[in-house]
Amino acid sequence: MRVTNSYMYDSFISDLQNNMQQLDKINQQISTGLAVNKPSDAPDKIGSIISLRDSINNITQYQSNVGSTNDYLNSTSTALTSMTNLLSTAQTLAVQGANDTNSASDRATMATQVDNQIQEMLSLGNTQVNGQYIFGGYQTTAQPFTATMTGTSVTGVTYNGDSGLMPEEINQGDIINKNVPGSSLIAAGTDVYNALINFRNDLNNNDTAAITNDAGTLQNAYNSLTNINTDIGGKLQRTTAVSSTLTNTNTTLTGIQSSLEDVDMPTAMTNFQLQQNVYQSALTSISTLMQQTTLADILR
Amino acid sequence: MPSTFFGLEIALRGLTAQSAAQDVVSNNIANANTPGYTKQVAQMTTTLPYPDPSANAAMIAGQLGTGVVVSQIDSARDQMLNNQITQGNSQQSSNSAVMTGLSQVESFFNEPTSPSIGDALNNFYSALSSVSSDPGDIGVRQNLIDTTQALTDQFSTMNTNLDNMDTQINGNIKTDVNSINSLASQINGVNYQIYKAQNMGYTTNDLLDTRQNLMNSLSKLTNFQATDMGNGYMKIEINGHTLVGQNYTVPLTTVTDPANNNAVNPVFSDDGAPLVTTGGDINGLITLRDTNIAGYRSSLDSMAQSLMTSVNSLQSSGYGLNDAAPTGINFFNGTDSADITINPAITADPTLIAAAASPSSPGDGSNALAMADTQNSLLMAGGTQTIGENYASLVSQVGSDSQSAQNNDQIYTSVSTNLQQQWQSESGVSLDEEMTNLVQYQHAFEANSKVMVVQDQMLQTLINMINPS
C-alpha cells in the first residue's frame, strides 16, 4: 500500500479524535458518577431505570400514606379506649346501682356521675384530628354527635355523620379503611349514648330492675367497642408490617437502581488510566513521525 | 541521411520533455495538500522514428530514433473509488443529520434526571394520592394543581422543542436545496468546459478534479447516480430524475405541506415530482422529521390523551369538596400533548377537584384514590402498558434510535476514512516520490544539456575544418 503525506496527517487527526472521544466519555462517567447520562448511553437499561424511579416514587407516596393512616388509626384507637373505660366504669356503677343496699338518693348521686360520663362520651365522639372530626364518616367538618338537652342533662344524642369509609392505599392494590364512622358506635342494641342515657334515667327513676337490665346493655356496648378497637389494633399491625415491607422494597429497588445507573468507579478509573496511556502514546508516536526527516531534507 | 543538426533537435526535444515532466512534478508538490487533487504523471513517448518507410527512402542501417515528447499528462484517477467515496459521503451525512437531531431530542427528554415528563407524571399521581388521604385540605389540593401545571408544562415544553426542531429542519432543507441547485449549476458549467477541452484534444485533469470535488460536496447533501456520457459530460440523476443533463440543470424547489405541520419538502421544478433520496443530509433531515420526531410526537400525544381521558371521566362524575352534585367538568382541557392544560375552573377553585365519590362528603377521598390508581391501569399500547410504562418505552426508543445512529456514525465514518485513505494511497501526492522524480528528471535534463554541448563541439570541429581562421 502506497502511503502519502496527506494520508498520514489525516490518520493522525482521526486517531487523536477517537482517543479524545473515549477520554471524554469516561471522564463524563467519572465526574457524574453515572454510567447512564442520557438514554442512548444504555437504551436497554433506561426503561428499567425509569420504571424503578416510578416504583421508588410510589413507595415514598405509600410510606406517606401509611403515616397518615397510622395517625388516624392511633387517634381513633385512643378515643375508643377512653370510651371503653367510661363504659366499663358505668357498667360497674350499674351493678352497684342495682344493689338493694343503695337508697334513692345514692342512685341520684350516681345519676349525676353518669351525666358527666355522657358529656365526656359526647366529647370523645367529637374527637378532632387536624381539624377533622374522625367519627363523622365522610362528614368531617361538622360535629358528628349533637346532644338534645333538657336543662343541663342530655336527653338524646343525634348522629349527623354518615357511614362513609375512608380508603387509603398503603401499598399497590392494598387498600385499608382508616376511619370508624360514628354510625358503628350507635348501632341498635349497642348504642353507647342510649345505654348511658337510659341508665341515668333508670337511676333517677330508682328502678332497680331496669338498672340490672342496663348493666347488660352497657356490657354489650362495651363488648362492641372493644371489638371495634381490636379491629383497629389489627389494622395498626398491618400498617406496621406494610411499612417495613415498603422500607425493604425501597432499599432493594434503590440498590438495583444504583447498579443500573451508577458507574463502577474502579473499572472507570482503570479505563481512564488506560485510555490516557493510549492517548499519550499516540501523541508521542505522532510527534516523532511529524519531526521525521524527509527526502527533501537530505537532498542538497 | 538525417540532417547535420538532427542531433541538436533530439537534445532539444529531450530538454523540453524533461523540463515538462519537471513542471508536472512541481505542480504535484505544489498541490500536495489541495483537497481532491489527483496526482499527475507526465507520459513520455518516443517521437516518430526516421525515416518513414517509403519506396525511395534513403537507406540507413535502421530506423533512427528522433527523441522524446510528453504525449500526455495522466492523472492517477480511479472513477470507481470516487463513486464509492460519494456513496459513502451520502450514507454518512444522512446518518449524521439523524444523529445530531436525536442527540438534541434526547436532551429534551432530560432522562434519567429531572425535571422530565416522567418525573412530573410521578409527582402528579403522588399529589392525587395525597388528596385522597386528606381531601378536606385546600393546601393539598393546591399542591395537586401545582404539580398538574408542572406536568402540562413539561408536555408543552417538549412539544415546543420538537416544533422548533421541525422549523430548524425545514430551514435546513431549504438551505440544502439551494446548495444542491448551486452545485448542480457549477457541475453543469464544468461539464461544458470539459466537453470543449476534450473536443480540442486536451487532457482535463484539473477540471476533472474540480468536478469530482463538486460531486463530493453534492453527495453530502443527497445521494445521486453519475453517468459519464463519454463526451465530457457527466449526467447526474437522483432516483432516475435528471438533476444535471447535457448542458442543462433541473433545479429543485420546495413545497410546504400545511397538512403535515407545514413540513417543507423538496420537489423538482420541472414536473413537481418529489425528490426521493436514500442518502445525504436532506435525506437525514426528512427521516428525522417525518419518522423519528413525528413518531415521538404521536407517542406523547397518545400518552396525553390517555391521561386526559382517564382522569377527566372520574373528575366529571365525582363530587367537589362538599358538593351535592357531580362536578360535570373536566380536569384537563386540550386534545393532545401540545395543548393539554389543567381546566382553569379548577385552578380558580381547588374545591372543584372531584376527590369524593359521594355527594356532600368532605371526608371522602375515594374518587381521588381512583384517579391516582389510573397510574396502574393498562391504558396504553392496546391495554398492555400503563402511561408510565409507555413513557419508559418511549424514552428507551429514543435512546436506542440515538444509539444506533451513533453506532452507524462510527461505521460510516470508518468506511469513509478507509475510502479516503485508499484514495490518498492511489491518487494522493507522496512528497518522497516526487523528490525522487525531481532528481531523476534533473539528471536527465543535465544529460540532455551535455548532449547539446557535445553536438555543439562536433559542429565547431566541422565548421573550423571548412573555414580555418
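Is B:Arg289 buried or exposed? With a relative accessibility of 4%, B:Arg289 counts as buried, where buried means under 20% relative accessible area, exposed means over 50%, and partly exposed is anything in between (1.4 Å probe, protein chains only). The model looked at here is predicted, so local features need pLDDT of at least 70 and side-chain atom pairs count only at pLDDT 80 or more, while totals for chains, interfaces and linings use all residues. Residues are numbered from 1 along each chain as its sequence is written, chains are lettered from A and ligands numbered from 1 in the order in which they are written, and side-chain values use heavy atoms, with hydrogens and water left out.

B:Arg289 has a charged partner: it makes a salt bridge with B:Asp290, and the closest N and O atoms sit 2.8 Å apart. A salt bridge here is a side-chain nitrogen of Lys or Arg within 4 Å of a carboxyl oxygen of Asp or Glu. B:Asp290, at 33% relative accessibility, is partly exposed. Over all chains, the count by this rule is 13 salt bridges.

Another of these bridges joins B:Asp163 to B:Arg297, again with 2.8 Å between the closest N and O atoms. This pair links distant parts of the chain, as B:Asp163 belongs to helix H4 (residues 138–199) of chain B and B:Arg297 to helix H6 (residues 281–317) of chain B, 134 residues apart. Helices (H or I, at least four residues) and strands (E, at least two) are DSSP runs, numbered from the N terminus. B:Asp163 is partly exposed, with a relative accessible area of 30%, whereas B:Arg297 is buried at 13%. B:Lys235 and B:Glu237 also meet through their side chains, at 3.6 Å from N to O.

Next come the aromatic rings. A pair of aromatic rings is described by the distance of the centres and the angle of the planes. Rings of Phe, Tyr and Trp (its six-membered ring) pair if their centres lie within 6.5 Å, and planes under 30 degrees apart count as stacked, over 60 as edge-to-face and the rest as tilted. The whole structure has 10 such pairs over all chains. In one of them, the ring centres of A:Phe145 and A:Tyr193 are 5.0 Å apart and the planes meet at 45°, so the pair is tilted. A:Phe145 is part of strand E3 (residues 145–150) of chain A and A:Tyr193 part of helix H4 (residues 192–205) of chain A, so the pair ties together parts 48 residues apart in sequence. Both A:Phe145 and A:Tyr193 are buried. Over in chain B, B:Phe124, B:Tyr125, B:Phe331 and B:Phe332 make up one aromatic cluster.

Strand E3 of chain A has a partner of its own: E3(A) pairs with strand E4 (residues 153–159) of chain A in the antiparallel sense, over 6 bridges. Two strands pair if DSSP finds at least two bridges between them. A:Thr150 stands opposite A:Ser153 in E4(A). The hairpin has 2 residues between the strands, and A:Gly151 takes a positive phi near 65°.

On a 1 Å grid over the protein atoms alone, a cavity is a set of points where a 1.4 Å probe fits but cannot get out, and a pocket is an open set with protein on both sides within 12 Å along at least five of seven lines; lining residues have an atom within 4 Å of a point. Grid points are joined across faces, edges and corners, and a volume is the space filled by probe spheres set on the points.

The second largest pocket has about 370 Å³ of volume. Its lining has 21 residues, and the closest to its centre are A:Asp54, A:Ser55, A:Asn58, A:Gln172 and B:Asn376. H2(A) gives the most to this lining, with 6 residues.

The structure also holds 3 cavities of 30 Å³ or more, and the largest cavity has about 90 Å³ of space. Residues from both chains line the largest cavity, among them A:Asn58, A:Tyr62, B:Tyr125 and B:Asn376. The second largest cavity has a volume of about 40 Å³, and its lining includes A:Tyr72, A:Lys178, B:Pro135 and B:Gly363.
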